[in-house]
Amino acid sequence: MQSIPGYTYGSPALNPSPLSLEDLEKLKASLLFTDDDHTALRQAGEVLADQVEEILDVWYGFVASHPHLVFYFGGPDGNPSAEYLAAVRKRFGQWILDTCQRPYDAQWLAYQHEIGLRHHRSKKNQTDGFGTAPQVPMRYIVAFIYPITATIRPFLAKKGHSQEQIERMHQAWFKTVVLQALLWCYPYVKDGDF
Ligand code: HEM
């Protein structure tokens, strides 16, 4: 795999997640996330792998068309920073693959925690050295669950799978986006309340 600047998945330097694997299992059960969803996500990974750039074009287009969202990619002059957007884009593409292909284990949990910190003021703007907005508000992370889920469906449907298979992949995608978005909320929540 080509190395992606700032992508530290699996690095021993990462802090472990504050959640245990048992906590993760309970969350998955609460989301009705089963082994069938892992299987469906692996299939989704095969479907999406060569469409990553087109997916990112859709998501970046969505963010760019809303000034209140692209604000969080702003540089020192307050305008959207092309360098910052481009740097994050590479890791965002890798995230699509990781979401479908990686085992959801302690390493995965640790990188979820890291992604949460990178949206929060504890670590935003540090990885690439760009960016001025101190943090992405938690409310937008939760709101994004819908567009990130709704917009993936046409891409899942592009490789000739049956409606039933597409639906299964889409439901699994929806569950994992909820799971990850909620894990990223951790740093925003008062100690003991998560
Ligand atoms: C970073 C996904 C919500 C703005 C990232 C990364 C991913 C990602 C995969 C790169 C993580 C890494 O460094 O490896 C998502 C998903 C979201 C979401 C799936 C919701 C379901 C948002 C929202 C905004 C936003 C609502 C605000 C417009 C950013 C910014 C960064 C980033 C500015 C770079 C942070 C830094 O300085 O390191 N996001 N994101 N994200 N995202 Fe999000």
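Guide: One definition comes ahead of the rest: two residues are in contact if their C-beta atoms, placed from the backbone, lie within 7 Å. The model is predicted.

Visitor: What does Cys100 touch, not counting residues up to four places away in sequence?

Guide: By that cut-off, Cys100 touches Leu41, Arg42, Ala44, Gly45 and Leu48. Cys100 itself lies in helix α5.

Visitor: Why is Cys100 called buried?

Guide: The label requires 20 or more other C-beta atoms within 10 Å. Cys100 has 22, so Cys100 is buried.

Visitor: How far apart are Cys100 and Thr39 in sequence and in space?

Guide: They are separated by 61 residues in sequence, and the C-alpha to C-alpha distance is 8.9 Å.

Visitor: Which residues of α2 and α5 meet?

Guide: From α2 there are Leu41, Arg42, Ala44, Gly45 and Leu48, and from α5 there are Ile96, Leu97, Thr99, Cys100 and Gln101. By class, the residues of this contact are six nonpolar, three polar and one charged. The axes of α2 and α5 are 7 Å apart, and the two helices pack at an angle of about 145°.

Visitor: What makes a set of residues a nonpolar core, and how many residues has the largest one here?

Guide: The members must be buried residues of the listed nonpolar kinds, joined through C-beta atoms within 7 Å. The largest such core has 13 residues, and Ala44, Leu156, Met169 and Ala172 have the most contacts inside it. Two or more residues each come from α2 (35-48), α5 (82-101) and α10 (163-184). The most, five residues, come from α2. In soluble globular proteins, nonpolar side chains tend to be buried together.

Visitor: With which residues is Leu156 in contact, leaving aside its neighbours within four places in sequence?

Guide: Leu156 is in contact with Ala44, Val47, Ile166, Met169 and His170.

Visitor: How many helices and strands does the chain have?

Guide: It has ten helices and zero strands. Buried residues make up 23% of its 194 residues. Of the contacts between residues at least 6 apart in sequence, 78% join residues at least 24 apart.

Visitor: What makes helix α1 hardly covered?

Guide: The count of buried residues among the ten residues of α1 (residues 21-30) is one. Leu32 follows α1 and has a positive phi, near 55°.

Visitor: Which residues come nearest to the ligand?

Guide: Of the 25 residues around the ligand, the nearest are Arg91, Trp95, Arg118, Tyr140 and Phe144. At least two residues of the shell come from each of α5, α6 (106-119), α7 (138-143), α8 (145-150) and α10. The largest share, four residues, is supplied by α5.

Visitor: How do the residues of the shell around the ligand divide into nonpolar, polar and charged?

Guide: The shell has 17 nonpolar, five polar and three charged residues.

Definitions and conventions: Residues numbered from 1 in each chain as written. Predicted model: local features only at pLDDT ≥ 70, side-chain atom pairs only at ≥ 80, totals over all residues. Buried ≥ 20, exposed ≤ 12 C-beta atoms within 10 Å, placed from the backbone. Axes fitted to C-alpha atoms, helices over the stretch in contact; angles between N-to-C directions. Nonpolar A, V, L, I, M, F, W, Y, C, P; charged D, E, K, R; others polar. Near = placed C-beta within 6 Å.
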